[in-house]
Amino acid sequence: MTTPAPAFPDRTTPPAPGVPKDVSFPDYFEDVLSNGMKVIVYERNDLPMVTVSLVARGGAFHDGASYGLASMMTELLTKGTPTRTAVQIVEDIESLGGSIGANAGWDSMNAGVTILSRNLEKAMDVLAEVARMPSFPAEELERAREQRLAHILQRKASPNALASIQFSRAVYGSHPYAHPLEGTEESIRALTGDLFAEHHRRLFSPNNTFLLAVGDIAPRAMMDMAERLFGDWQPVASAWPAIAAPHDDARRMVHVVDRPNAVQSAIIVGHIGIERKSPDYITATLMNTLFGGYFGSRLNLNLREARGYTYGAHSRFDARIHAGPFSAGADVRNEVTDAAIEEIILEIERIRSTPVGDEELANVKSYVTGNFPIQIETPLQVAQRIISLELFGLEKTYYNTYNSRVMAVTAADIQAAAQSHLHTDRLKIVAAGRGALLRDTLVRFGAVEVYSPDGDLIPTVETTPDTP
Amino acid sequence: MHNDTHDFSIRFEEFDLANGLHVILHRDAQLPIVAVNLWYHVGSKNERVGKTGFAHLFEHMMFQGSANVPPNGHFQHVQQAGGTLNGSTSFDRTNYYETLPAHRLELGLWLEADRMRAMRLDQQTLDTQRNVVTEERRSRYDNQPYGTIYEELFSRAYKMAPYRWPTIGSIADITNASLDDVRAFHAMYYRPQNASLCIAGDFEAAEAARLVEAHFGDIVNPDGEMYRPFMHEPRQQFQVRDFVYDTIPLPALISSMHIPALDADDFTAIEILSNILSSGDSSRLHRRMVYEERAAQSVMTFALGLELPGLLIFRATAQPGRSAAELEELFFDEVTRLLRDGISAEELEKAKNRLEASFLHEAASVQSRADMLNAYSVLSKDTALVNREIPRIRAVQLDDVHRVAREYLTERNATVLYFLPYPPEAAP
């Protein structure tokens, strides 16, 4: 018997697509405990693992003048309760093949465990204890403080961290988003155990948190466990002082952070962007994807593929409860720092002034909508989206109407979004790199202020010695 | 009823095309997506001195067009289809991968076959990519604090083995690369008999096999032998010690011990040993150096499994006011204690649980499962090992851990490198 020769396809053109299948955001279980605390379960049995997160609303946004408060407080949650020391907590979880941790963002805080599902019950006991009854032991606070101060010191050697800190400062002035959420040397030194206990009392309550379990766990079993561990937790009335929305300083600023030995400049340019709840969110983020949000974006094709200035150029809207920043950036070699910034500005002008072509728009829509199922593949990816729905009060159907709303965006919408949300006149231009060089080359964008890695303004008059 | 991890397995089938291309199919229809993952058995260890960084630069060039695809067309086609893609280069292998909506599987196969068959070569795109890779080197290594710590270690730990230079290479070598080098490298290594293709996700096996044959079946292996480095490292006779200055605020210690290759019998026990030393906050070195003595900001240990003998690497960064010498003393003190007193059954059980969990964690997406399957297939020559990993972890006994500790955690087997802030008088 002879095998027929295989039919080789026409290789000069890409193969035609098959028939696409519909994908919807997975359904998940929601209920409340007897005290009103919300529990969400997304069950997936493909791997014998579970991740449970206790999410509290409010984060570094509420730090006040105690920058780093939420971040240090959450770090200390797992460092002691009335019945377990820091050493016991981590030993109890890690011996079961799990991990435990807590962290704070701008708008929320999260304490969570990831564990082999056969060991979930024991891990939940520990999670409930650290979320409800942290004791903030003085010795652990000192340890965490030392660690944090060392981290802040290390940050000063990182070009990207230095640029990012200076950028937030330039953009946000006196709004809470101006300060690093990990805190500053001064603010971290001033934190006390009482501050943590009070902050915890106000934010960690059944009426300000929800429990989210994803992975190999049945909803009923989770509800029973949650009722046993959290059902008697008492609600707390807590009001927060209103914080005014940030507004852009209308001036352009050019700030350099001096790293005299740098072999590259870390560039970040931008200004205040949008709120997560903005009705423009989908259009603005689609516009950003096209502008600098994926490999095929204008910024990356220009700065990387056409000019070879950088390994990669990106932009993003970091949308939060208040308007987070729009930023565009790249690490570029010293001598092209000004040319790269010039290109970013030209790209902003171009997307504002010229409607995007049909093909480019179709491509970016196709990328964003086609990518959606890949973005909800793993339980943790789904969890991240459920958390966003909850925190920002989005409709439960949000992700199922997402693709059709992306498809409805027109070239005129993209241009309008660029005109409303991107501005060259009020750009805050920040570069961490060689101060002496950048002071001279970036002056074409405006008066240059040079800062030290400590954040101090370096006087503009160079004090050069008289004799060579 | 929960699954038990002992039931967990990655089901797959595998076969070779007539031209030697190895094919692995792993079906999982949870979502209508599919991963295409292609490994070439070539990495920076196939380079020669004077041409370092070439395998990686070459990987960049594979995105600069092929016979029927224009420069950057690979990115355009995949992203327009709603997919994601990338490639990466390491010591032993180079991989290329796309995750696509399931109905675009054939697009991924067409693109990979097109560039396996023929590249599109152009001096201008090479010039641009040499610049891009130079900036990648600066961005990820030269301009980052501690960014060159691994290449400084590897260049001292290895005297002969082709792991002694970094995958990214030197800027001088990258700048010297020519189009002829690119052409020759493709002819030598980018051939069906040197590749393994894994498809994972939502597809019909028979249809996928038909498509693979249709797109790859007629690619011919060029004549000529592939260059395989054979330089094995002579056994280290004396401890290697050195120090390096960097623009950093705090000293760091990095140390390595020579260990056998990835597929050696001892490797799993070494991973358990590494885990006991510093995986998690309850591990020995974290407890002692970070928590109790407050000498280190962070500690880590990992067993670098490579095709030729690898390294067990330990790294710590000092807290302000503490020195690299103190870190070294504490590290070796813990090593001595482990060798003297051994480990407990509870510690062994914990390490097994943690390794098992991290293995499962890695298996979460179809793309990472495809990559795991190719790793076992290419580096260990046995794809089925993927499902023996958890039993292998479970089978390690206390004596195994004690034996590998005695064998490899010795002073003369160690390379010790201090990474130090420039003293004020020497600052650049």
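The points below comment on the predicted model of a complex containing chains A and B.

1. Basis of the model. Residues are numbered from 1 along each chain as its sequence is written, while chains are lettered from A and ligands numbered from 1 in the order in which they are written. As this is a predicted model, local features need pLDDT of at least 70 and side-chain atom pairs count only at pLDDT 80 or more, whereas totals for chains, interfaces and linings use all residues.

2. Confidence. The predictor assigns the complex an ipTM of 0.93 and a pTM of 0.95. For chain B the average pLDDT is 95, and 98% of the residues score at least 70; pLDDT is the predictor's confidence in each residue, from 0 to 100.

3. Contact between the chains. Chain B and chain A each contribute 66 residues to their contact, where two residues are in contact if their C-beta atoms, placed from the backbone, lie within 7 Å. On the side of chain B, two or more residues come from each of helix 2, strand 5 (94-101), helix 3 (105-117), helix 4 (123-142), helix 8 (205-216) and helix 12 (345-362). Helices (H or I, at least four residues) and strands (E, at least two) are DSSP runs, numbered from the N terminus. Helix 4 of chain B supplies the largest share of this side, eight residues. By class, the side of chain B that touches chain A has 22 nonpolar, 28 polar and 16 charged residues; Ala, Val, Leu, Ile, Met, Phe, Trp, Tyr, Cys and Pro count as nonpolar, Asp, Glu, Lys and Arg as charged, and the others, Gly among them, as polar.

4. Domains of chain B. The domain assignment gives domain 1 (11-216) and domain 2 (240-426), with bounds that come from an automatic or database domain assignment. Their centres, taken over C-alpha atoms, are 28 Å apart. The contact takes 30 residues from domain 1 of chain B and 27 residues from domain 2 of chain B. On the side of domain 1, helix 5 of chain B gives the most, with five residues. That side of domain 1 has 16 nonpolar, eight polar and six charged residues.

5. Sheet in chain B. Six strands form an open sheet of mixed pairing in the order 1-2-6-3-5-4; two strands pair if DSSP finds at least two bridges between them. Strand 1 (13-16) and strand 4 (84-89) of chain B are the edge strands, each pairing on one side only. Strand 4 of chain B runs antiparallel to strand 5 of chain B and is joined to it by six bridges. Asn86(B) has Tyr97(B), in strand 5 of chain B, as its bridge partner.

6. Strand 6 of chain A. Strand 6 (residues 209-215) of chain A is largely enclosed by the rest of the structure, because seven of its seven residues are buried (20 or more other C-beta atoms within 10 Å of the residue's own, with C-beta atoms placed from the backbone; exposed means 12 or fewer, partly exposed in between). Six bridges join it in parallel to strand 2 (residues 38-43) of chain A, and seven bridges join it antiparallel to strand 3 (residues 49-57) of chain A. Within strand 6 of chain A, Leu212(A) is the bridge partner of Ile40(A) and also stands opposite Ser53(A).

7. Backbone points to check. Asn72(B), although not a glycine, has a positive phi of about 65°. Asn72(B) lies in the loop between helix 1 (54-61) and helix 2 (73-80) of chain B and is partly exposed, with 18 other C-beta atoms within 10 Å. Lys381(B), also not a glycine, has a positive phi of about 60°. Lys381(B) is in the loop between helix 13 (366-379) and helix 14 (389-395) of chain B and is exposed, with 9 other C-beta atoms within 10 Å.
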